[in-house]
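Reader: I'm new to this one. Could you walk me through it, a question at a time?

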Amino acid sequence: MTAEIDIYGVYVPTLLALMVLALPLSVVVRRLLAWCGVYSFVWHRGLFDVALYVILLGVLSSTSHWWLP
Amino acid sequence: MTVSFRSFVRVLVTLIVVAGAVVAGVELWRHYMDDPWTRDAKVRADVVGVAPDVSGFVSEVLVKDNQTVKAGDILFRIDNARYKIALEQAEATVDQKLATHEQAVRDRDRYDKLTNVVSQQQAEQARATEATAAAAYREAVASRDLAKLNLERTEIKAPVNGVVTNLNLQPGDYIAQGSAKVALVDTDSLRIEGYFEETKLSRINVGDPVRIRLMGQSHDLKGRVVSIAAGIVDRERSDEAGLLANVTPTFSWVRLAQRVPVRIVLDEVPADVKLVAGLTATVQVMNSDGSDKGVRSFLSWR
C-alpha cells in the first residue's frame, strides 16, 4: 500500500524516499554499465543517465508493495 | 559505413532507454496524481456534549475519565434536595386542588337537587365553580408531573454508547441547565473521513472497498465508501455585502485542488487496533473487485 515512511517520527511520502533511494542505485548501475562498456553504445550520455534514473524510480515504485511493509 | 551504423545503434539505444523512461514517468505520474488515494484522512467520531436539563450542584460523579459507558448509564447526579422539595410542594397542591374540586362537586349536586328553591343563577354559579376547580386540579397534576420529571432529570444519563473523555467534573461544581460538561465520544459513530482532492472524485464511487492504513500501524484495515460530501465552502466568495455576491477579484495563477470529505465506514476492526478519533490515516480506494484503481493502459506491473 502506498503509505508513508517513518523516519524518527517524521512521515515522508514514499515517493520522496524512493527518489532518494534511486539516486545511489543509479550511480551503482552507471558504474556497472561503464565497466561493461555499454556507454560506447550510448549517443547522449546525460540523456541516457536521466532516463535510467526515471526507469529505476519507476521500477522501485511499482515493486514497493513487495519490499515495503 | 561502420561509423554511421555505429552511430545509428548509439542513437537507437539511447532512444529506447528514453522511451522506457517516458513510459515509467507516465506510470509514476498516473499513480501519484490520478489514483484515488490520500494521506490526508482522519478517524472521526461524533462527540456528544452531555448537558444537564436542570441546574444545581453536582452531588456525585459516577464515571471516571476515559471510561466506556453504555447508553442509559448514569454519568453524574445533581443535588436533588431542591427538586424533592418542589415535588412535595406540587403534591400538596394536588391534594388541595382535589379537595376543592370534591367540595365543588358536592355543592353542585346539592344545588341540582334543590331546583325549586335556589335561583337558576346560583345553580349556574355552582356548575362554573366545579368546572374551575376541575381545571385547577388538572393544572396541579401537570405541575406535579413536571416536578417529578425535574427530579428524574437530576440523574444525567449517557445518551449513546461511548467513551467519556477529558472529564473535568467534580462533586460540588455548580452547573447551569443546558451547559455541556461531559464529552462523550460516540463509539458507534467511529469512521474514517478521507479528504480527497477534487480531481480524484470522479474515480470514487459509493460502495467501493477502501484500504486504510493508520499512521504507524503495520497492517491494513478494510472499509467501504458510504458517502461523499455534497458541498464545501466556496472560498472565493462571501455573500455578506448587502445581500449581494462578493467575489474575490484575484484569481491565483497556481491553484491547489480543493479537498472534499469522503466518508468511509470500517468493515472490521481487529481487536488490537485502538481507534482514537482524530488519528491520521492513509486511504486508498479500490475497484469494487478489490483491485487497484490505477490506469494500467500499456503496462501492468502490479
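**Where the two chains meet**

Reader: How many residues of chain A are in contact with residues of chain B?
Author: Keep in mind that this is a predicted model. On the chain B side, 28 residues take part, and the number from chain A is 28.

Reader: What area do chain A and chain B bury between them?
Author: Carbon and sulfur atoms account for 68% of it. The total for chain A and chain B comes to about 2600 Å².

Reader: Which element gives the largest share of the side of chain A that touches chain B?
Author: Strand 2 (10-13), helix 1 (14-36) and helix 2 (45-67) of chain A each supply at least two residues of that side. The largest share is twelve residues, and it comes from helix 2.

Reader: And by class, how many residues on that side of chain A are nonpolar?
Author: One residue there is charged and eight are polar. The nonpolar count is 19.

Reader: Let's pick a residue: is A:Asp49 buried or exposed?
Author: A:Asp49 sits in helix 2 of chain A. Its relative accessible area is 14%. Buried means under 20%, so A:Asp49 counts as buried.

Reader: Which residues is A:Asp49 in contact with, leaving aside neighbours within four places in sequence?
Author: We skip those sequence neighbours of A:Asp49 first. That leaves A:Arg30 and A:Tyr39.

Notes
Residues numbered from 1 in each chain as written. Chains lettered and ligands numbered in written order. Predicted model: local features only at pLDDT ≥ 70, side-chain atom pairs only at ≥ 80, totals over all residues. Heavy atoms only, no water. Contact = heavy atoms within 4.5 Å. Buried area = accessible area lost by both parts, 1.4 Å probe. Helix = DSSP H or I, 4+ residues; strand = E, 2+ residues; numbered from the N terminus. Nonpolar A, V, L, I, M, F, W, Y, C, P; charged D, E, K, R; others polar. Buried < 20%, exposed > 50% of the residue type's maximum accessible area, 1.4 Å probe, protein only.
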